[in-house]
Amino acid sequence: MPGGALPTLEAPLTFIAPTNTKPQVLMSANHADANIRTGAYHTLQVAIADARGLAERPNLDREGFSFETLPTRVTDFYDAGVVKGAYYDEIAAFLKRVTGAADAYVFDHTLRVEDPEKRQVKGARLPVTVVHNDYTETSAPKRVRDMYAPEIAERLLKGRFAILNVWRSIGSSAERFPLAVADGRTVRPTDHIAVDLVYPDRTGEVLYTAHSSGQRWYYLSGMLPTDVMVFKCFDSARDGRTRYTAHAGFANPFAPAETPPRESIEVRTLLFFA
């Protein structure tokens, strides 16, 4: 691996190219299949440092991500009933504790599985390899309005709110296809490009990321079953703290050949601050 201040590897990340036409992602009806994207993309070899080597532990408001220890009672993450019950409660309580939020609400989760046969049987999705952020200035408030009665939503939107993702490896190893996250301070506002997510019954919006030379990228090596990566998808605060976290899965060129395919769960949450 290349040297440097931190243990670092070079690995491919796929970025969108700036465009004058708003790109689209045509979402697959079959979760086992890949989505269809418009726009131009290019894959670059990027230095991705191990966040475990940082002298100062990363945090949500500075870098936009953190890694935490979160034991769980859940043993089968493919049991949707258990995940929506026990795991959602664990995540909400955990996020209130680590962020100081007055309230935390888990609104969905996604399983991502590399192995095609297991993915199809379990109804999971492919890992996402295009660098992106899940919410925008338009889609984040819309999420609140979609989930609450109009009078409640408008009241909540007057205060600070955030959307966080809690990512966990649920297989025996995440080393073959880890998650890369960018230090939000190093991603320029112009690197964020709004993209429509087109479903049969609705259209959403996310941010894809263009590459720029100052970006700094990290992953978390050797994830244990109790490790989680937490990162911001949106923060309504405009006081200088990081508001978005560009992220993507990547093929680790240094993972041993016998490393099993990645299995992961990501949980998306709404946080409201007093």
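Reply: Gladly! Let's start with pairing: two strands pair if DSSP finds at least two bridges between them. Helices (H or I, at least four residues) and strands (E, at least two) are themselves DSSP runs, numbered from the N terminus. This is a predicted model, in which local features need pLDDT of at least 70 and side-chain atom pairs count only at pLDDT 80 or more, while totals for chains, interfaces and linings use all residues. Residues are numbered from 1 along each chain as its sequence is written, and side-chain values use heavy atoms, with hydrogens and water left out.

Me: What makes E6 and E15 a pair, and in which sense do they run?

Reply: The rule asks for at least two bridges, and E6 and E15 (residues 263-272) have 10, in the antiparallel sense. At one of the bridges, Val 113 has Glu 263 of E15 as its partner. Asp 108, in turn, stands opposite Arg 268 in E15.

Me: Which strands make up the open sheet, and in what order?

Reply: There are 5 strands, in the order E5-E13-E8-E15-E6, with antiparallel pairing. From one strand to the next, the twist averages 25°. Angles here run from 0 to 180 degrees between N-to-C directions, with axes being lines fitted to C-alpha atoms, for helices over the stretch in contact.

Me: Why are E5 and E6 said to stand at the edges?

Reply: E5 (65-69) and E6 (103-113) each have a single partner strand, so one side of each lacks a neighbour in the sheet.

Me: What makes E6 largely enclosed by the rest of the structure?

Reply: Buried means under 20% relative accessible area, exposed means over 50%, and partly exposed is in between (1.4 Å probe, protein chains only). In E6, 8 of the 11 residues are buried, so the strand is largely enclosed. Strand E1 (residues 8-16) is mostly covered too, with 7 of its 9 residues buried. E1 is joined to E4 (residues 41-50) by 9 bridges, and the two run antiparallel. Within that pairing, Leu 9 stands opposite Ile 48 in E4.

Me: How do you know that Val 74 is buried?

Reply: Its relative accessible area is 7%, against a limit of under 20%, so Val 74 counts as buried. Val 74 lies in the loop between E5 and H1. Leaving out residues up to four places away in sequence, Val 74 touches Val 82, Ala 86, Tyr 87 and Glu 90, where contact means heavy atoms within 4.5 Å.

Me: Is His 192 buried or exposed?

Reply: Buried: the relative accessible area of His 192 is 19%, and the cut-off is under 20%. His 192 is found in E10 (residues 192-198). Apart from neighbours within four places in sequence, His 192 is in contact with Val 187, Leu 207, Tyr 208, Thr 209 and Tyr 244.

Me: What describes the packing of H3 and H4?

Reply: The axes of H3 (residues 139-147) and H4 (residues 150-157) come within 8 Å and cross at roughly 145°. Pro 141, Val 144 and Arg 145 of H3 make the contact with Ala 153, Glu 154, Leu 156 and Leu 157 of H4. The buried residues of H3 are Ser 139, Ala 140, Pro 141 and Val 144. Their cover includes H4, E8, E11 (203-209), E13 and E15.

Me: How do you know that the radius of gyration agrees with a compact globule?

Reply: The rule is 2.2 Å times the number of residues to the power 0.38, with the radius taken over C-alpha atoms. For 274 residues a compact globule would come near 19 Å, and the protein has 18 Å, so the two agree. Along its principal axes, the C-alpha trace spans about 55 × 45 × 40 Å. In the protein, 52% of the 274 residues are buried, and its secondary structure comes to 4 helices and 15 strands.
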